[in-house]
Amino acid sequence: MVVIQRVVKATTRKGKKVLIKKEPQVNEGPKRALFLQGRRSSDKLRRLTKDLFDIKKPDAQLLNKKNDITIFEDATPVERFCRKFETPLFVMSSHSKKRPDNLVIGRMYNYSLLDMIELHVENIECMREFACQKIVLGTKPSLVFNGPTWEETEELKHLKSLFIDIFHREEVESVRLQGLEHTISFTATPEGKILIRSFNVLMKKSGTRVPRLELEEMGPRIDLTLRRSKLPSEDLMKEALRKPKELKVTKKKNISVDGLGTTHGRIHVGKQEIQKIQTRKMKGLKKTPEEIKMKRAAKRSADNNNVNKIKKQKLG
């Protein structure tokens, strides 16, 4: 049986714009995330999903209905949802007797599952339990990963990459001090726990031009542990991380950049004959009268010697 994929063609100008928007772009914007539930869910997971959705908005899609999905057995329904809502990231919550308070974070590549990690939510304190000012919609958070544990195992490396993809927003070249309003801290402990803390950055008077910064916890406060994971092969990951030709930096000849970001250039100059450089017109190197007299006297003696040699040759 041969399955022929249906080719979608635009019949209107608006439909053509929608299809062009869905095509791969050289410079992609913020990645959208899909938040959905499994067969069953607990009140703890619903509150956690709502808080994560509020932080991710407006680049997020929330599905309130429950779905009969066991993602580690069959990921096709989630792939279908991600294709429908154009969301390369997904966060799925589920609750069962075998795996209570379960959270699955994953991402897609070319509308197919790339990788996903299953986490156990041990403790959660929602944003509404913290009596403080909340962040503005669309605020770009600064992400802090504490501890060397994030680089020790492949699961933690992929989990760190997933967290960056979920909370990352637009690319910026510079950040002003007033733009630091929200900070999310991720800590991986040697005991295998993952602690997520969210802080509101407050600027206080310090008596100088630079304000004093203080962190006020605003929630959510999440404690997680690793469960199952499904990681991609090396070839698939290499294909997913491939950059387009337009973004590849071409190496310039004789130009290098050191570890501090300073650009160094090498210039090739021909052989310099320093003895033939004209320096007499420079005031600092001008000859004194004594030097001029000595030079003239040396020239006269050299001329006299040459004349005497010529006379001797004629007489001989």
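Modeller: Rings of Phe, Tyr and Trp, the last by its six-membered ring, count as a pair if their centres lie within 6.5 Å. This is a predicted model. By that cut-off, a search of the whole structure gives 6 aromatic pairs. In one of them, the ring centres of Phe145 and Trp150 are 5.3 Å apart and the planes stand at 90 degrees, so this pair is edge-to-face; planes over 60 degrees apart are classed that way. Trp150 has a relative accessible area of 1% and is therefore buried, the limit being under 20%.

Phe145 also pairs with Phe186, and here the arrangement is stacked, with 4.8 Å from centre to centre and 15 degrees between the planes. This second pair joins distant parts of the chain: Phe145 belongs to strand 6 (residues 142–146) and Phe186 to strand 7 (residues 182–188), and the two are 41 residues apart. Phe145 and Phe186 are both buried. Together with Trp150, Phe163 and Phe167, these two residues make up one aromatic cluster.

Arg83 is placed over the face of Tyr111, 4.2 Å from the ring centre. Phe72 has the charged end of Arg228 over its ring, 4.2 Å from the centre.

Technical notes:
Residues are numbered from 1 along each chain as its sequence is written. This is a predicted model: local features need pLDDT of at least 70, side-chain atom pairs count only at pLDDT 80 or more; totals for chains, interfaces and linings use all residues. Side-chain values use heavy atoms; hydrogens and water are left out. Rings of Phe, Tyr and Trp (its six-membered ring) pair if their centres lie within 6.5 Å; planes under 30 degrees apart count as stacked, over 60 as edge-to-face and the rest as tilted. Buried means under 20% relative accessible area, exposed over 50%, partly exposed in between (1.4 Å probe, protein chains only). Helices (H or I, at least four residues) and strands (E, at least two) are DSSP runs, numbered from the N terminus. A charge sits over a ring if NZ of Lys or CZ of Arg is within 6 Å of the ring centre and within 35 degrees of the ring normal.
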